[in-house]
Amino acid sequence: MSQSDDRMAELRELFFESAQELLQALNDEALKLEKHPGDSEIVRTLRRIVHTLKGDAAACGYRELSEVAHELEDALALESAAAHASLAEVAFTAADLFSAMLAAYRKRAKLPSRDPLRKMVKKLAQEPGAKQSGRRKAAVTAKTLGWTEYEKLAVQKAQEGGNFVYHVQAQIDPHCAMPIAARQLVQNALAGMGEVLAARPEAGSSAPTKSAEFLLATDKSCEEVSGKCQIPTIVASVKAELLPGGVATAPKRAARKTVKAAEAEIASPAPEIPAVEEPAPAPVAEETVSENTAQPHTTLAENILRVDAERIDSVLNLVGELIIGKSMLQQALNEFSKVYPKEALRGKFADAMAFQARVLNDLQRSVMKIRMVPVEQLFRRFPRMVRDVARQCGKDVELVLTGQDTDLDKSILDAIAEPLTHLVRNAIGHGLESAGERQKAGKSTRGTLRLGAYHQGNQVIVEVSDDGRGMDVNRIKAKAIQLGMVTAEDVARLSEAEILDFVFRPGFSTAEEVTEVSGRGVGMDVVQSVMHRLKGTVHIDMHAGQGTTFRLKLPLTLAIIKALLFQVQQRLYAIPLNAVVEIARTHESEVHQVDHYEVLQLRNQVLPLVRLGRPRSNDPERGANKLFVLVTSVGERKFGLIVDGLEGEEELVIKALDDHAVSTDLVSGASILGDGRVVLILNLSTVVEHFARSRPEEAGAVNFGMLLSQADRAQLSRNAAGGVS
Amino acid sequence: MEQFAPVKRSKDGQPVRYLIVDDSVFARKNLARMVESFGGHLAGEAGDGLTAITEYDRTHPDIVLMDITMPQMEGIEAAERIVQSHPDARIVMVSSVGYQENIVAALQRGARHFVQKPVKPEVLYEVIKYVLGDDGAVATAAGAGV
């Protein structure tokens, strides 16, 4: 039994996943409906989504969810409901409730109340003009009906033709919820044996009668006929009587009038489908049209394999090992070439390795592609959120999405969901003005919020931009001073970009009042810290009165980076290559001091310097010492890192470091080179932040030795204390 | 889950081959699990009517379990088209009570049977035995029969 329990658990897991898709589709359709109220196509799609959810939930044994979905589905079938103004609202409420119920099922927690939705659904149904009478009346009891003159004639003809004519009475199984279909099935079974001359209720009648009578002309025996009609789960009992001789003995002869009366009586409980019509084909034709608006998930699901992300990671990890192996080979070949510079085999080796490298590259790219998902997956949750938040704030906001098909590593996508949500909420809450304010400023009353993604080199840029009032630089300044993040005199020297960066500091919020929507004083620093973790950056582009853009720059993947390797104190370090703007060679004498910081005049720019290794030496010939300066950009700011020597460019497979293994956040990971050396990968943004926050008190005490061990640093600063100018 | 005596094809004793058509992956899995518990074999799956037709042509299953409401092409139309080109196709419609008219329509167009969602395994089992008729045989060898 435990095996089937496992299967059930697996099925439930699948259900939760697919239900999530359905809810997303529900939200999407509801949003569409809000834009095009009364669109019957959308209502049909809504109904189908709810229907699928209902079925899936029922199969999983989630009765409550299935029931309320069923009620909603029924209500959506009403003509009046389609035109109902609040239908979109009902759909939103339903999506929220279903989502809450799913969460509760998952945690085995208490289910949320279904009453609010039920009330709304009821209201839909009660609206004047609602034609469907809800529950159909109980089954009409068995009753032998009369045959028409025409039918009697047919019976006579059949008997003359040498057939037996049977009067077949079938009782539909009381558990069968679809008596009409059941009757059709019985008729099909009979038609397989001969000719059905008459049927009561008539074929296609929508009366939910649980008994049926037929006149069958056949050459089969009575047992065969009743045997064929014994359809499991459909027919409870069946009785076949041979009509003797002429039709004169047909049961209860009745005049045409009586028949009509009887038909009318049966048909009345379901007036929405007049019994005279052929009811079936019409709805079919309609439904087929609505299928063009297929839900994305259903078409997607076809050729898709669900694979545990861990498995892909392990493949990627192996690819990483292969890449290390490749550089090992390369290394060996280089050494080989040095020893046997004339050896002809070298060329063969080089060719084979070039080929291997190319395949390896492709392999790496394909594996990485597996992890890539379109940002659509993340973006599509925003329309609903923007609508809700805008409504809460009483603002009119249009959301424009671009670049949804931009691919991004799944883990990165998951990680930026929260920061992005914060940024969007903030943009609506603070960025965009109210309609009145906008009008005064000469803008259209409807605010625009753009959410976009695109590739830029080896990075993906995700932008959240609004056309609101922009950020108030002076207020940020004041707040930063008030919070003691900066002194009043320092702030005067900061650029606008630097001032704006204060909003990412923990505890910073200029919102006067804390609202549900935004301004809880947390959030922006979350954005920053997530970006650090992802080795990405966030940058604010702001034009007062015209809007704000938050630009998140993200690496394509977390697993493999192109890096620049360098040495500090004979140790090997690396930084992501895309952060390096240029490499400058200069002399110690070119380094100047401004305040307590070292700077370098690089062309017409003043570049703050960070010494990663030992401080400037006291050597009299120090002026002649050559320096390597890595000019790096972090966000919009540039820094020069002074390093001891350059090692080269390399593709690094990042191995995550245990929290226990590193005590500093300056290092974000490590990698192994082909020759077996270990290289630490620096987290540039934290390096720069450390630098920016440190405030050397005494004149001339410059920043250095960030990467030195405590003991080294103490030693060096003692040495340096002597005579730094 | 309940144990069912496996139903095999009477002509060669091989497992009955099923084509499962439903736009919900979940529903497909669920049905597949059931037919496998009947000793059946999943010949193919489809998420819409059009695919169902091509899958039928490709796999020639013994039984098709067909949902009614699907994107691209409804189950009824798919059933009709399959029956048109393969009159011996055994199609069982799978749908909820709300789509009774559609089931009736499908039955009129050649579907052999129907089961109601949520599908109960014991009901589906009976339906399948019925639909297979003489072409299906309940294997007696396997332990507890129903």
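The accessible surface of chain A comes to about 36400 Å², and 51% of that surface belongs to carbon and sulfur atoms. Such areas come from the Shrake-Rupley method with a 1.4 Å probe, and for residues only the protein chains shown count as cover.

A word on the model: it is predicted, so local features need pLDDT of at least 70 and side-chain atom pairs count only at pLDDT 80 or more, while totals for chains, interfaces and linings use all residues. Residues are numbered from 1 along each chain as its sequence is written, chains are lettered from A in the order in which they are written, and side-chain values use heavy atoms, leaving out hydrogens and water.

Of the 725 residues in chain A, 46% are buried. Buried means under 20% relative accessible area, exposed over 50%, and partly exposed in between (1.4 Å probe, protein chains only).

| Residue | Relative accessibility | Class |
|---|---|---|
| Cys222(A) | 25% | partly exposed |
| Cys229(A) | 0% | buried |

Over all chains, the search finds 0 disulfides, a disulfide being a pair of cysteine sulfur atoms within 2.5 Å.

Now for a meeting of two chains. Helix H8 (residues 179-191) of chain A packs with helix H4 (residues 100-108) of chain B at an angle of about 10°, their axes 8 Å apart. H8(A) and H4(B) are therefore roughly parallel to each other, a label for angles under 35 degrees. Residues in contact (heavy atoms within 4.5 Å) include Leu185(A) of H8(A) and Leu107(B) of H4(B).

Note on methods. Axes fitted to C-alpha atoms, helices over the stretch in contact; angles between N-to-C directions. Helix = DSSP H or I, 4+ residues; strand = E, 2+ residues; numbered from the N terminus. Parallel < 35°, antiparallel > 145°, perpendicular 65-115°, else oblique.
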